[in-house]
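Visitor: I am new to reading protein structures. Could you walk me through one?
Guide: Gladly. Let us look at it together.

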Amino acid sequence: MPAAIACVMTDIVKSRTIQNCLKAQIGDKADRTYTEKIYSPCRKRFLDFLEKHKGKLHDDVGDQLAAYFDYAQDALQFAVDLQRKMQVSPIAVPEDAGCPYLQLRAAVGFGTIEAAAYHRPGEYRVSSYSDLARVLAVAWPEQILVTAEVLKRAGTVGDAIRIHRWDDILLPKESEKITLLEVLWDGRNPRKPKSSSDAAEPITKPAPVLCQNAVMGLAKGDSTASPPAAPPGGIMRRDVIVALLTSSVTLAVTEVYKTVKGLIQDVPTSTDRALL
C-alpha cells in the first residue's frame, strides 16, 4: 500500500562550472579534488542532517540528492538546517566559479511511495521525485521552494522562518501554472523563482555567416544563375543584399539599394566590386 511522504531534493549550484575551473587549475586531479574537497563534505552534511531529522536517503544522481520523510515538518526543518549550515560553515570553491562558496538549491514536495520502495530506498523509481525535480529547476541558489501541500501538513514553522507565496509559476515541461511557497530563513528576502526558460540550459547560437558562394556569384556578375544553397547558418543572396544595405554607412539608403539592384541585374562595375 502506498505511503504518504514528504520529499526533499537538493542540487549543487554551478557544479559543472566548478569542475571546469578545477580542471583549468589542476588538470587531471580535478575529479578527485572535486569529490574529496567539495562533493563528499556536502554529501556528509546532507546525511548528518538526514539522520537528525529522521529522514531516509532515496537516491543520489550526479550532484543531486533526494530524501524522504514521514512528516512534512521534519522535511522542512531539514532543508532549512542544511542551507544554514552551508552558509555559516562554507565549503570553498574556486574563485572563478562565480559563487562565493558551495551553494545548494532545495525543493520540498509531497507524494506517495510504494511500501517496497519505502523500505528499500533507491531500488525503485518514485514518480514524486520527477515532479519535484521541475520545482528544483526554477529555484535560485540557497533558495528553498515548497509546494502548498507541504506547508499545509507541516503546520507551524519556526520563528526565524517566514513564507512568501508565488503564484502563476510555470515549471519546465508543464503547461499549467502553479503556486509555490518560498521559505525565507534568517531574514532572507523573497526572490521570484526562475521562469521555465531560465531554468533550461542556455543554447549558444552561432553567429550568422554570409554564404561565400553567393557572394562570389555576385562578384562575378552571374545574375542568371540560381542562388546556391546556403550552408548551415549561412545567408542567401537576398540576405546579402540586406547586409549590404545596412552596412554601407557612407551612402544613403536609396543609393545603396540602386547599387545592389544593379549588381543583380548587370555585370558589376569597378565601383560595385569595391562595395562588395
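Guide: Start with one term: contact means heavy atoms within 4.5 Å. Keep in mind that this is a predicted model.

Visitor: Which residues does Val108 touch, not counting residues up to four places away in sequence?
Guide: Val108 touches Cys7, Val8, Ala75, Ala79, Leu132, Ile144, Leu145, Val146, Thr147 and Val150.

Visitor: How do I read a nonpolar core?
Guide: Look for buried nonpolar residues joined through side-chain atoms within 4.5 Å. Here the largest nonpolar core has 41 residues. Val108 is among the members that touch the most others, including Phe69, Leu102 and Ile144 in that group. A second, separate core has 20 residues, among them Ile5, Tyr118, Leu136 and Val138.

Visitor: Now a single residue. Where is Glu142 placed?
Guide: Glu142 is in the loop between helix H5 (127–137) and strand E5 (144–147).

Visitor: Is Glu142 buried or exposed?
Guide: Buried means under 20% relative accessible area. Glu142 has 8%, so Glu142 is buried.

Visitor: What does the side chain of Glu142 join in a polar contact?
Guide: The side chain of Tyr101, at 2.6 Å. Leaving aside neighbours within four places in sequence, Glu142 is also in contact with residues including Gln83, Arg105 and Trp185.

Visitor: And the whole chain?
Guide: The protein chain has 11 helices and nine strands. Of its 276 residues, 38% count as buried. Take contacts between residues at least 6 apart in sequence: 67% of them join residues at least 24 apart. The accessible surface comes to about 16,000 Å², and 52% of that belongs to carbon and sulfur atoms.

Definitions and conventions. Residues are numbered from 1 along each chain as its sequence is written. This is a predicted model: local features need pLDDT of at least 70, side-chain atom pairs count only at pLDDT 80 or more; totals for chains, interfaces and linings use all residues. Side-chain values use heavy atoms; hydrogens and water are left out. Helices (H or I, at least four residues) and strands (E, at least two) are DSSP runs, numbered from the N terminus. Buried means under 20% relative accessible area, exposed over 50%, partly exposed in between (1.4 Å probe, protein chains only). A polar contact is a pair of N or O atoms within 3.5 Å; within protein, one must be able to donate a hydrogen and the other to accept it, and residues adjacent in sequence count only if both atoms are side-chain atoms. Accessible areas come from the Shrake-Rupley method with a 1.4 Å probe; for residues, only the protein chains shown count as cover.
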